[in-house]
Amino acid sequence: MTYCKKFFDLTIGPDYVPLWGIWEAVREFIQNGLDGAQDGYPFDIQRGNNGTVVIRNKGAVLLPKHLILGETSKAGGEYRGQYGEGFKLGMMALCRIAKATGRDNALVIHTGDETWVPTIHKSEQYNTDIIRVNTYPKKADGFLTIEIPGVNLTEWLKIQDRILILGFQKKQSVEQYGELLLEEKCKGSLFCKGLWVSALPAPSKYGYNMMQVGLDRDRKMADNDSLKTSISGILSKLCLDDKVSCREIFEMLGNEQCIEFDALRWYPTYNGEWLKFKEKIGAFWKETYGEKAIPVTSPQEQALAASLGQHCVAVSSALKAFLGERVLQLSDVKAAKQHEVSKVYANEDLDEREAYI
């Protein structure tokens, strides 16, 4: 670098989002890089032996206006970032980390014919620390390049495990909702559009990469309703396509501790595909246990089924409710028996009929 061409002061205090560390900061640049790839700018990320992580998009450029909070070239729900503040906050967090560890450079951004170097700067105007971005001229090379030094191996391995494009292969995809992640290290994890968000809020049989789930600004919490919708949408479609077995669905509906249990028994839109899914589960029940098998949830129901001469299978209340009218229910058998007794004892007292049953 030769001389500072100009600088931009961002009125962001370095203590903002205080819990952000290396992952959260680097994630914002990865997120922008993946969104750039979606727009046709090839994306690459790697770490050198010196500990510098390099994120690049061929053909992309950041402009000075993108340093304004709220300014973004992304709009709509197809992008990972939409708030126009992620990479600014990422810069700020890296500057804070660099200062705390005594490192000179937090990061360097090469864009167009400029190099940007963010630092923490004491503002005379505001009498407090802010983020200043110094700019230097450079020869354009056709890449938007972010260089983040000081990322140790442990942090890099963590980053790798949280980006699905870096080697995750075992998955089943459902276009509308996302992906079922089958690798053991993904179990219990929530990803959104390829980036790790958090552990799922309850134990899980799988990991999930969602396309539509709503997230908070910090990408650390998913909206509960959209999360359940996406999980049930993925599982029902994969079951219809014979990629998740009906027996697995039974197991999930029998485990009240798992997130799939909660998702499968809650669905906001009963569309045709969802109804086909429930029909398939009902058909599997009949194939497995017989046309006249009755799902029961308590010893009392088991005793009543036995008194009526019916074969019963103990299940969770969720599975029983899920099967619903698609299989024979204890109430159906009891009603039929009452009707039968009513014919025989048409003129007798109701109490006698009930005693008979």
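Trainee: How many helices and strands does the secondary structure of the protein chain come to?
Mentor: This is a predicted model, where local features need pLDDT of at least 70, side-chain atom pairs count only at pLDDT 80 or more, and totals for chains, interfaces and linings use all residues. Residues are numbered from 1 along each chain as its sequence is written, and side-chain values use heavy atoms, leaving out hydrogens and water. Helices (H or I, at least four residues) and strands (E, at least two) are DSSP runs, numbered from the N terminus. For the protein chain, the tally is eleven helices and 14 strands.

Trainee: What pLDDT does the protein chain average?
Mentor: pLDDT is the predictor's confidence in each residue, from 0 to 100. In this chain 88% of the residues score at least 70. The average is 86.

Trainee: What percentage of the 357 residues in the protein chain are buried?
Mentor: Residues count as buried under 20% relative accessible area, exposed over 50%, and partly exposed in between (1.4 Å probe, protein chains only). By that scale, the buried part of the 357 residues is 48%.

Trainee: Which residues touch the most other members of the largest nonpolar core?
Mentor: A nonpolar core is a set of buried Ala, Val, Leu, Ile, Met, Phe, Trp, Tyr and Cys residues joined through side-chain atoms within 4.5 Å. The largest one here has 47 residues, and those touching the most other members are Phe 29, Ile 30, Ile 55 and Ile 148.

Trainee: And which element gives the largest share of this core?
Mentor: Elements that give two or more residues to the core include helix 1 (22-38), strand 3 (53-58), helix 2 (86-101) and strand 7 (143-148). The largest share is nine residues, and they come from helix 2.

Trainee: Is Leu 94 buried or exposed, and with what relative accessible area?
Mentor: Leu 94 sits in helix 2. Leaving out residues up to four places away in sequence, Leu 94 touches Ile 22, Ala 25, Phe 29, Ala 106, Leu 107 and Ile 148. Leu 94 is buried, and its relative accessible area is 0%.

Trainee: How many of the 17 residues of helix 1 are buried?
Mentor: Helix 1 reaches 24 Å from its first C-alpha to its last, close to the 24 Å expected at 1.5 Å a residue; the expected span is 1.5 Å times one less than the number of residues. Helix 1 is largely enclosed by the rest of the structure, because the buried ones among its 17 residues number 14.

Trainee: What angle lies between the ring planes of Phe 250 and Trp 285?
Mentor: Rings of Phe, Tyr and Trp (its six-membered ring) pair if their centres lie within 6.5 Å; planes under 30 degrees apart count as stacked, over 60 as edge-to-face and the rest as tilted. The structure holds seven such aromatic pairs. With centres 6.2 Å apart, the rings of Phe 250 and Trp 285 make a tilted pair, because their planes are at 45°.

Trainee: How many residues apart in sequence are the parts that this pair ties together?
Mentor: Phe 250 and Trp 285 are both buried. Phe 250 lies in helix 5 (residues 246-253) and Trp 285 in helix 7 (residues 272-289), so the distance along the sequence between the parts they tie together is 35 residues.

Trainee: How far apart are the ring centres of Trp 274 and Phe 277?
Mentor: Trp 274 and Phe 277 both lie in helix 7, three residues apart, about one turn of the helix. Trp 274 is buried at a relative accessible area of 2%, and Phe 277 is buried at 0%. Their planes are at 50°, so the pair is tilted, and the centres are separated by 5.2 Å.

Trainee: What relative accessible area does Asp 242 have?
Mentor: Asp 242 is in the loop between helix 4 (224-240) and helix 5. Asp 242 has a positive phi of about 60° although it is not a glycine. Asp 242 is exposed, with a relative accessible area of 62%.

Note on methods
Contact means heavy atoms within 4.5 Å.
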